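Dear colleague,

Please find the structure below, handed over for your work. My notes on it follow.

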Amino acid sequence: NDNKTNNIKVETNGHDNIKENKVVNETVQDLQEARRQLPVYMVRNRLLEEIKKNETMILIGETGSGKTTQIPQLIHEQRLEGAGTIAVTQPRRVAAITIAMRVAAEMNTEIGSIVGYSVRFEDVTSPRTKVKYLTDGMLLREAIIDPLLKKYSIIVLDEAHERTVSTDVLFGIVKLAQKDRADKKLNPLKIIIMSATMDVDTFRKYFHNCPVIYLEGRTFPVTIYHSKMKQDDYQYAAVCTIFQLHATTPANHDFLVFLTGQEEIETVMYNIKQIAKEAAGPPIRVCPLYAGLPAAKQLQVWRDPPPGTRKIILATNIAEASVTIPRIKCVIDTGVVKERTWSGGTGAERLAVRAGSQAAGWQRAGRAGRTQPGVAYRLFTADDFRSRPLHQTPEILRCPLASTMLLLIAAGAEPSTFPLIDTPPPDSVKASLTLLKELGAIDNEVNPKLTVLGKKMSTFPIEPKYSKVLLSAPEYNCLDEVLSLIAVLSSENVFHTPMHKREEAIKVKQKFLSPLGDHITLLNVFKAFCKAPLKKQWCKENYLNHKNLTYACEVRQQLLAICHKLNLTVSSCGQAYDQVLKCLLCGLFTNCAWQRGGAGGGGRYVTAAGAAAALHPACALHAARPAPPVLLYTELLATSRTYMLTVSAIQPHWLHQVAPDYARRCRANR
Ligand code: ADP
Ligand code: MG
C-alpha cells in the first residue's frame, strides 16, 4: 500500500525486478486453460448479467477463485467499460504490479498497453489502457485532482476487507462520485466491491443495500489444530512444527507458513536449511514470499519443485488473500501480523507485531483447502483464538485524524458530512480541524477549504504538523537540517542501550549530546551516521541502531524528492540551531510546556492542555540546571505519570513570533 496517507512509506527495493516478472514456461494455451478452470470463469455469464444490471455490487469469493485477475478481463471482453477505463484497486503495491503482469500475459498483450498498472513513482499505462490496476492510494491521489473520477466507467475496490484508510476514504469518494455523476448526467459510474471474507452487512447498508453475490469456491474441508499450550516463541514453534510434519507427511504436500516480515522469514529459512541437513524426510525447497523480494525468487513460489521434494513457502500475510499459491496442503499459522501503527510523535508509520483477527485466522487456514482437503496448524491455543477480535479494527479508527481530514478536504469533500463507513469520534474530528486551521492548512473549520499552504502540506506522506515544519524551513534557512530531523523522528529509537552495557552506552551518547536538547542531539547523531564510512561497525561502536538509522535515510530521500517537486530551497543553517528549533515550533506549537510556578519551580511542567508533565529521564535536558522555563516536546508518554519525550528548550517569546494567535489563546487559558 503506497500512498499519500498519514504515514511515511519507504519504497522497497526489488520491485524494479518485478517488471521482468515474465510468466515463464506457460504458453498462451496453458494460460487460457488455467483461466477456464477458475470458479469465476465457470459462472461468468451469470456474473456479467449481474454486473450489467447493477450500478453497485459486492462480490464475495474465496481467495484464488479468480476475482482479481478474471473479472476485469471478462468485463473488458464484453466492452462493458464503454469509452471509459476499468480501475482495480489493491492495498499493496506488489499485488498491483504482479497481478497486472499476470493479466497482461493471459490477454497476450504487452504490459502498459491494454492492461497497465499505476503505483507511486511508477505509471505503466498508456492512453489505450482499459484495465488499470492501481494502489488505493494512487486512486485517492487521482481523486484529489478529479473527485468525480470521470475517466473510469467502472471502479473495482478490491480486498475491501483490509480496510486501509485509503480504501475507506475511497468508499466514500466513489459513492459520492456515482451520485454526482448521475445528478449531472455525466457518464455513469459502476462500483464493484470485492473481498474474500467481509462483514458484508455493514458494506451492504453503506452502499444502499446493493446486491451481494457469493461465488461458490471449490474449497475442500480444512482440519484445524490449535496448540495445547501457549507458545512463547512462535518462530521456534513454527520450525518445530515444520519438522514434525515433514517427517510424517508425503513429499507432495506443500507447506505454507505465515510469518510477519522479511527478516523473520530469512531467519526461519536459515534455520530450516540448517536442520534439514540432518532431519529425516524428503528433500526440502524453501521459498520466501514477501513484498520486497526480487521477482525471480517470487516466481519460485509458483513453480513445482522436482518430484519427491517438499516445497515450504514462508510468507507474510501477502499470501493471506492478495496472491494465491496453488497446491498448499498444510498451513502453519503463527497467528501474528505486522500491523501499521502510528507513532504519537510524527504520526509516521511503524510496524508492530500483533495478534491477528479471527477473520485473518480463517482466511489463512483456508489457503490449505484450495485443491484438496487440507490441514491448518495454529501455533496458539483455541482459547487465544476465541479471545481475538472478529475483524481487525479499521485503520481509520486507529490512525491520527488530522492527515485524513486534510486528505478529504484536498479531495473536495466536507469532513462533517463525508460518508465514512466507520465514523471516528466527533471530538477528535473537531480537534483535528482546529489543528489544521491553526497550522494554516484550511481557511475555516465549519466549511473548510484548503489554503495554498494546505495544498502543499497534503503532498507529504506525514502528519500535517510535520509537513508544516518542512514547508516553514526555507524561511529559516534550515530545510537540510529539518529533513534529517524529521526522518530520524519518523524511525524508531536510534539509540541502542543494551542492559548489560548501559553505563558504557550512556557514556558514548555524551559525544552527540547538545545542550539545546534532544532534537539537536538527534541531528548530531544523524549527521555523524551519514559521514561514517563503515556504518554498521560505526553504529556498533557508538551504541546506535543501524537499521533504524538506515530507515531514516530512506525516509529522508522520499521527503527530499517531494521538496524538490515543490521547488523548496534546500539550504543549511550551519551551527545556528536556534533556527531549527524555531522552525520546529512552526508546526509543533501545540507541544509546549511551561515550568510550573515560573523559574525555580524545579522539574515540574504543565502543558498547553493543562496537564502536569515531567521530563523523561532519557532526555538530554533531564539534568539541566536551572531547568529551562519553556520546553518543546515531541511526544507525551503517559505511564504512572506523564512524561515528555524528545524535548528541546525554547525561548519564551518564540511562540509569539511563530504562532501569535495560538500563543494568545494559550495565554488566556493558562
Ligand atoms: P482472487 O482474486 O479470487 O483471490 P486471483 O484472480 O488473484 O483470485 O487468482 C486466480 C488464480 O490465478 C489463482 O488461483 C492462481 O492460480 C492464478 N494466479 C494469479 N496470479 C498468478 C501469478 N502471478 N502466477 C501464477 N498464477 C497466478
Ligand atoms: Mg484477489
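**Strand pairing, helix packing and the ligand site**

Within strand S21, Ser 648 is the bridge partner of Leu 632. Please bear in mind throughout that this is a predicted model.

That pair belongs to the antiparallel pairing of strand S20 (residues 630-638) with strand S21 (residues 642-649), which are joined by 7 bridges. In general, the strands of a sheet pair through hydrogen bonds of the backbone, in either a parallel or an antiparallel manner. S20 and S21 are part of a barrel into which 5 strands close, in the order S17-S18-S19-S21-S20 and with mixed pairing. On average, neighbouring strands of this sheet are turned by 50° against each other, direction ignored.

Turning to the helices, the axes of H15 (residues 401-410) and H16 (residues 426-439) approach within 9 Å and cross at roughly 75°. Angles of 65 to 115 degrees count as roughly perpendicular, and H15 and H16 are therefore described in that way. H15 contributes Leu 401, Ala 402, Met 405 and Leu 406 to the contact, while H16 contributes Ser 428, Val 429, Ser 432, Leu 433, Leu 435 and Leu 436. By class, this contact has 8 nonpolar and 2 polar residues, with no charged ones.

Finally, ligand 1 is surrounded by 15 residues, of which the closest are Gly 64, Lys 67, Thr 68, Thr 69 and Thr 324. Helices H5 (67-77) and H6 (93-106) each supply at least two residues of this shell, and the largest share, 4 residues, comes from H5. The shell around ligand 1 comprises 10 polar, 3 nonpolar and 2 charged residues.

With kind regards

Definitions and conventions. Residues numbered from 1 in each chain as written. Chains lettered and ligands numbered in written order. Predicted model: local features only at pLDDT ≥ 70, side-chain atom pairs only at ≥ 80, totals over all residues. Axes fitted to C-alpha atoms, helices over the stretch in contact; angles between N-to-C directions. Parallel < 35°, antiparallel > 145°, perpendicular 65-115°, else oblique. Contact = placed C-beta atoms within 7 Å. Nonpolar A, V, L, I, M, F, W, Y, C, P; charged D, E, K, R; others polar. Near = placed C-beta within 6 Å. Pairing = 2+ DSSP bridges.
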